[in-house]
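Colleague: I would like to go through the aromatic rings and the cavities of this model. Please give me the general idea each time, then the case.

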Amino acid sequence: MDVLFDSNHSQATRHKLFVGVLIVCLLGLAYVNMFSDSITEKHLSLIWSIIKAKNVTRVASFEKWIVLTSIHPPTDDVKYLSQLPGWRVVVVGDVKSPANWSYQNCDFLSIERQKLLNFKITDSLPYKSYARKNLGYLYAILNGAKFIYETDDDNRPSDNLEGFIYTSETSGLMYAGKQLFNPYQHFGQSTLWPRGYPLSKIGAVNVRSYWLSSSWTSPTIQQGTVNGDPDVDAIFRLTRKSVMSPLNVTFDSHAPPVLVPQGVFSPFNSQNTLFHERAFWALLIPTGTTFRMCDIWRGYWAQRLMWEIGDRLAFFPPNAHQNRSAHSYMEDAEDEKNMYFQTDFLIDFLTNWTCPSRMTFFQCVIKLTSDMADKHFWKSEEIELTSRWLEDLLELGYPEPTRVIEVLTLSDNETLKLEDYNIFHYDIFKHETLLTNVTFIPVEQKSPQVAASDVQDSVSQKAFESLSKICPNITKMVTAPTVMPYLNNFFDILLVIVFNKPGFYSNVRYLDALYGQVFPNIIYCGDNAAQFVDQTQHLGKQFSFIDEPLDRGTVGYMCTVRAIEMNFNVKGFLIMGDDVLFKHWEFFNATRDHFWETFEACGTLLGALSYLKAALVTSITSLLLNAFKQVGISKSSTNIACF
């Protein structure tokens, strides 16, 4: 029967094999019948089981699959998922699932149908377990999956799953910090932490340093943040959530995605996550942990193994919303108890763990699984589960990834240096792309608190007071932030302010006072990041900054390229010099669908390129168009203005 699950055969070949199996069965039964008066009921049952197995294991091939479990009739969120263009849904049932579960564009795997799939892993999966989701992953792979999106039946994507990266390469930011990365801080919730983040590190703030490249190898596991009731632990809900109101968290929707490098850990869950085919081995949900820990422990296990093959994880701005069902947070806390006290030890163990160079990647997978069982991070039953999982993958024709030569690890107090990354990483420099140092500060979101209080932005207020002494006419037109009639009006435009000389970075306080309340998304760009920090650190807040060396007066154009490469989720880019006053109050009703024309010598950014020398025009135009391509936009549809 194994031949029925070889995904490398064509549909015609599979049909011939199936017919061949039936012929062999019938010949065998005919032989038996020569020595008996009639075919027994057992023989008929065997033939019928083969036919049923064929019917339940193959559907039309789809490249994009959504996998979830449910014990409920089709929820509104599941119905929404079923309508996403280009996606097919598989719902894995359990003993409490309705026997008649059915909905359009959905394949429902009942307990009976799961048995007929005949996967080796089936007997290792308990009933009433989230781990039965593993059968849905294998079912999707069997039926042609190249991408698998996993979620729950109370989670709804907000962008038709278009915000993830499906190409082999991408531009963007990579975290350049310490051993741990808190994605919630990156997306504007500085006091929140995801489920599975070490409690001992909650008070620590992520460094805001990143590397920007125009050509990273795309992350093979991608986690989107979730607005509404996101995946936080029971301690957070018991101490920070109001008992009388639902949790309604928002993240910075315009912040750029971020890649997590080798040597750095970050917890990710199974609620809004995309897997590329290369990472399908990492889908395995363990059975030897509690429900609230299974996907988190899987995530740490998978991340350490990803280092062995040069792959990486990435986090994306909010692209889904969750309304979590009411349940006991104390019961959640009991389920999460080991996670609270063992995560630090697990991270230390994984950081120091090694796999002998003689082993293949799948042998390393088994070794890490076994070593984690020896250290009691999960039960020994995971070893057999993992072995059967890998056997099923191989029988489906899944290719085993190849290991890289070196693995880079960091201690808790180390920062990954650019020169170290260049030495230890192999796949990102095949196009000889240079990395740019970037500081990114998200737009801070309202934090959920039991007792909320409004804190006035004293920095902006003081800057307005100083500005009014220098430019009284301007401050009459630009009123204080608290009464500004068009507060955050340009929320979907990225303002890029370019400095031609580092010596004027102290003026950031005035630029922030003029534009900070109207443009939530601002990034400064110029030479010498250290000098920028030195001249702005006394202001009491941090600012996003692109470190772009001055070169023949092209810094403004290169700053634009870098800003586009960061993949901000915005509708347009406004580029201006630090010595320009932009009368934003006159653009209050400006359309976002056209270029904003200014004076003839500048016009749109692409028009300005014609004033450069021919050779320089060709070079920078190529960079711009490549940047547009990376973020999926064309020259004609990109809204850019320069001043």
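Colleague: Are Y505 and F545 buried or exposed?

Modeller: Buried means under 20% relative accessible area, exposed over 50%, and partly exposed in between, with a 1.4 Å probe and protein chains only. Y505 is buried, and F545 is too. This is a predicted model, in which local features need pLDDT of at least 70 and side-chain atom pairs count only at pLDDT 80 or more, while totals for chains, interfaces and linings use all residues. Residues are numbered from 1 along each chain as its sequence is written, and side-chain values use heavy atoms, with hydrogens and water left out.

Colleague: How many aromatic pairs does the structure hold?

Modeller: A pair of aromatic rings is described by the distance of the centres and the angle of the planes. Rings of Phe, Tyr and Trp (its six-membered ring) pair if their centres lie within 6.5 Å; planes under 30 degrees apart count as stacked, over 60 as edge-to-face and the rest as tilted. The structure holds 35 aromatic pairs. One of them joins Y505 and F545 edge-to-face, at 5.7 Å centre to centre and 80° between the planes. Y505 lies in the loop between β13 (493-498) and α16 (508-515), and F545 in strand β15 (residues 545-547), 40 residues apart. Helices (H or I, at least four residues) and strands (E, at least two) are DSSP runs, numbered from the N terminus.

Colleague: Why is the pair of F532 and F545 stacked?

Modeller: The pair is stacked because the ring centres of F532 and F545 are 4.2 Å apart and their planes are at 20°. This pair also links distant parts of the chain, with F532 in helix α17 (residues 529-536) and F545 in strand β15, 13 residues apart. F532 has 2% relative accessibility, so F532 counts as buried.

Colleague: Which residues do ring pairs link into a cluster?

Modeller: The cluster is W87, F147, Y149, F164, Y166 and F316.

Colleague: What is the volume of the largest cavity?

Modeller: On a 1 Å grid over the protein atoms alone, a cavity is a set of points where a 1.4 Å probe fits but cannot get out; lining residues have an atom within 4 Å of a point. Grid points are joined across faces, edges and corners, and a volume is the space filled by probe spheres set on the points. The largest cavity has a volume of about 130 Å³. Of its 16 lining residues, the closest to its centre are Y184, Q223, G224, D231 and N269. The largest share of the lining, four residues, comes from β8.

Note on methods. 1 Å grid on protein atoms, 1.4 Å probe; cavity = no way out; pocket = protein on both sides within 12 Å on 5 of 7 lines; lining within 4 Å.
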